[in-house]
Structure formats: C-alpha cells, structure tokens
Amino acid sequence: MVNRNPPLTAADMVLPAAHLPVGSYAMAVKADGLMFLSGHGSFEASTPTHIGKLGATLTTEEGIEAARAVALGLLATIVDQTGDLSRVAQVIKLVVFVNSTPDFTEQHRVANGATDLLIEVLGSAGRCSRSAVGVASLPLGFAVEIEAVVRLV
Amino acid sequence: MVNRNPPLTAADMVLPAAHLPVGSYAMAVKADGLMFLSGHGSFEASTPTHIGKLGATLTTEEGIEAARAVALGLLATIVDQTGDLSRVAQVIKLVVFVNSTPDFTEQHRVANGATDLLIEVLGSAGRCSRSAVGVASLPLGFAVEIEAVVRLV
Amino acid sequence: MVNRNPPLTAADMVLPAAHLPVGSYAMAVKADGLMFLSGHGSFEASTPTHIGKLGATLTTEEGIEAARAVALGLLATIVDQTGDLSRVAQVIKLVVFVNSTPDFTEQHRVANGATDLLIEVLGSAGRCSRSAVGVASLPLGFAVEIEAVVRLV
C-alpha cells in the first residue's frame, strides 16, 4: 500500500467533462494567484443530474451524493483551466448552496459530500473554509450548487 | 459604425446615482488590487425599484430587467469609488441572489440580465465568473441583489 | 472618558469559545494577506443558540441579537487564528445569510447586528462591504449564518 499525498490525482479519477456556462459568463476567472470558480451544478455528459430539493424529494444521503458530483465538476474545471490538479496550492473557500425546504437543517452534512471529496483528492490542500446554506431554489432544479476560490501555485 | 472595445463608456449610459448603504456598512471596500462591492439592490432616484418574487409576481423577463438595473447600480458604485470605469481591469465574480419561489428554476436566465450588461459595457473585462441562486426573500422586497468582486488597474 | 480607536479590544469583551467546524472543513483559511472565514452560526459553550426563522418564530430585534452573537463568534475565530484582534487591518466583506420566510424583508436590519458590533469593536476597520439575503433554511436551524473576508496586517 502506497501512502500518497495528495492521495489521488486526476488520473485516478473519472472526472466529468468540464461544465459549460449556462449563460453569459466564464466558468472561472483568475485574479493574481487566486482562481474564482462560478457556481457549478451537477452534470453528466452535459445533462443535469441530481435534481430535487432536500427535505422534500431528496434525502440527506442523496444530497451528499449531489455535493460530491458537483465537487468533481469543480475539479474538472480546474483541470480544464490549468491542465492539472498539481497547480492547486490550496482550496480557500467553498459556498455550498443547498436547494432546501424551509425546515431542512442538515446543509452542513450535505456539504461534507463536497469537502470530503476535496480532502480525499487533494489532502490538506482540500481542507478549505466553507459556508453551507439552504436556498429556496436553484437553476435547472439542481439539488446543490457550489462556488469556489482556489489558490494556485 | 465604430468598433469600440470596451463598447460603451460611462458617458454613453445613464447610470443611476450611486446606491447608499441601507445600514452600517460601506458600498465597497478595497483589498490590494481587488474591490469587493456590497450586495446591491435596484434604486431609481433613491427609491427601490423592481420589487417582487420570481415564480410569483414577476416573470423571467422582468427578472432580467431587474438584474440589468442592479448591474447599472454596481457600475455607478464603481464610478463613484474610482472616478471612471477605465479603472476596471476585470470583473472577477458576481453572486446573483434572485428572490424566488421554491419551484422557480431560471435564476441563470435572470442573471444574464446583469452579465449581458457588463459585457456590453466593459467587453471581455465584463465576462466574469458568476453564481446564480434562488433565495427565500431579500431586503426591501428586491427581486434581485448582486454582489461583486472587481480587479482594478 | 477615554477616546479609544479601536474602541474595544478582545480583553474588553467576553468572546465565546472559538466555533468548531461542524464538518470536514477549516474555520478559516489564509490566502496572501486575506483570511477567509467559514460561515459561522451562533454558539454558547458549544451549544447552538438563536435558533429560528425571521418572519415566523423570531422578531427583527431577535434577529439583530443573533447577528451580533455570530459576529462575536467571528471575532473569536480571528483571535483563535491570529492571537489578537490587532492583526485585523480591515474587515473586507461579510455575507449575512438570514433564515427567513418568503415575505420577510428586513435582512438589512438584522445584518446591522453584526456590522454595528464590528464597528463598535474595530472602529473604521470594522466598516466592511456586506450582502444580506434571506435564505430558506440554515444548518442546525440557526437564525443567522455569516461568512467573512478579513485583511490582516
């Protein structure tokens, strides 16, 4: 068994194709050493996946899966923009928007689906700051939308 | 026909008066070369405009108009703070908060009202990263609130 | 009467214990001179406080108290991470997520509970840019969640 740090590389994972914008914007914009990534939804072969609302049509476990899928999409965008995950010095910040009913209160558990994946892939460079909030609704009916700030080497 | 890049300047547009804070904060704060702009609503002569909720009292087209109005207010704040839009090197990031019912799913179309305007005015410097989410409600009943990060020259 | 600038120091206040993460993330991550703080809720001795929804179970005044409690937690994290509030050159940005019914429209008044406290404690270094929005629900049922970007000396 090999001890890896970071434990995974892009080559170990099946990343989805990089998300295309669904409007007049860019998926990521750099400012000095930081890259600001747009809010990402979950797509598979250009088709939206993980549609629904936590507290109504989706369980917390399904929300966790949705957040993990979105995080894979964020990694795909980073690879698309920089060529390689090795350019990531540190994930600085995520905002995890969870499509929620007014009484759903486990957004932090849903968000772990994204941050667990980032730590699994990037090691300590994936341990970021994070907000997790419940929103009324999301574009295309996504269960989870996530934006990110990443520091590049 | 003259090819302009950026296609418009502040002088070509009727910008609203710069938005005043509605509480104990500043409309924009700089950090190194970045300017962080507060969440802006839509005002005309200090009166809130574009009040309502997408999916209930407003159509998507009306939401697009609201987002465009808010983007004009962001430009007004930039001019107020820096004197001129020529100081904008790049709009880095918008978060577009859309006052939405639980089943409205066109926040990305609403947000185009803002990003189309920024690209129209600033050219490629207006093509930013972006999140668009549906929130339960907004201050003063605004249909759209937008915050921004801008890189200055 | 002594004129103080900043008017208070950490020693003058009873700050809560620094908030622990409620998932796989860090409470704050630095990038160059900026510190990005995670979304904070309100805790007292590790127990969540200020639970409820504006427009339903809580009044605006109670929301203001909640926002003040969260801001004390943000200061506690800054002290925990840097040793002292004197490292704060400027609070750059807050996003104040207010747990709201669809018709509550005083998120800006609720957010003043946080920004008034920061200005009281830090003087002009506490006058930040800010967004205040109404979200459908929050982790653990918090009334208010706040994230921050702070510039350090």
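**Contacts of chain C with chains A and B**

In this predicted model, 24 residues of chain C are in contact (heavy atoms within 4.5 Å) with 29 residues of chain A. Chain C also touches chain B, in a contact that takes 29 residues from chain C and 24 residues from chain B. Because the model is predicted, local features need pLDDT of at least 70 and side-chain atom pairs count only at pLDDT 80 or more, while totals for chains, interfaces and linings use all residues. Residues are numbered from 1 along each chain as its sequence is written, chains are lettered from A and ligands numbered from 1 in the order in which they are written, and side-chain values use heavy atoms, with hydrogens and water left out.

**Chain C with chain A**

- About 2000 Å² is buried between chain C and chain A, and carbon and sulfur atoms give 58% of that area; buried area is the accessible area (1.4 Å probe) that two parts lose on being put together, summed over both.
- On the chain C side, Ser24(C), Phe36(C) and Ser137(C) lose the most area to chain A, together 26% of what that side buries.
- One salt bridge is counted between chain C and chain A, where a salt bridge is a side-chain nitrogen of Lys or Arg within 4 Å of a carboxyl oxygen of Asp or Glu.
- Glu147(C) and Lys93(A) form a salt bridge through their side chains (2.7 Å, N to O).
- The strands β1 (28–31), β2 (34–40) and β7 (144–152) of chain C each supply at least two residues of the side that touches chain A; strands (E, at least two residues) and helices (H or I, at least four residues) are DSSP runs, numbered from the N terminus.
- By class, this side of chain C has 14 nonpolar, six polar and four charged residues; Ala, Val, Leu, Ile, Met, Phe, Trp, Tyr, Cys and Pro count as nonpolar, Asp, Glu, Lys and Arg as charged, and the others, Gly among them, as polar.

**Chain C with chain B**

- Chain C and chain B bury about 2000 Å² between them, with 58% of it on carbon and sulfur atoms.
- In chain C, Ile92(C), His108(C) and Arg130(C) lose the most area to chain B, together 22% of what that side buries.
- One salt bridge is counted between chain C and chain B, and the side chains of Glu147(B) and Lys93(C) meet in a salt bridge (2.7 Å, N to O).
- The elements β5 (88–99), α2 (107–122) and β6 (129–135) of chain C each supply at least two residues of the side that touches chain B.
- β6(C) gives the most to that side, with seven residues.
- The residues of this side divide into 13 nonpolar, 11 polar and five charged.
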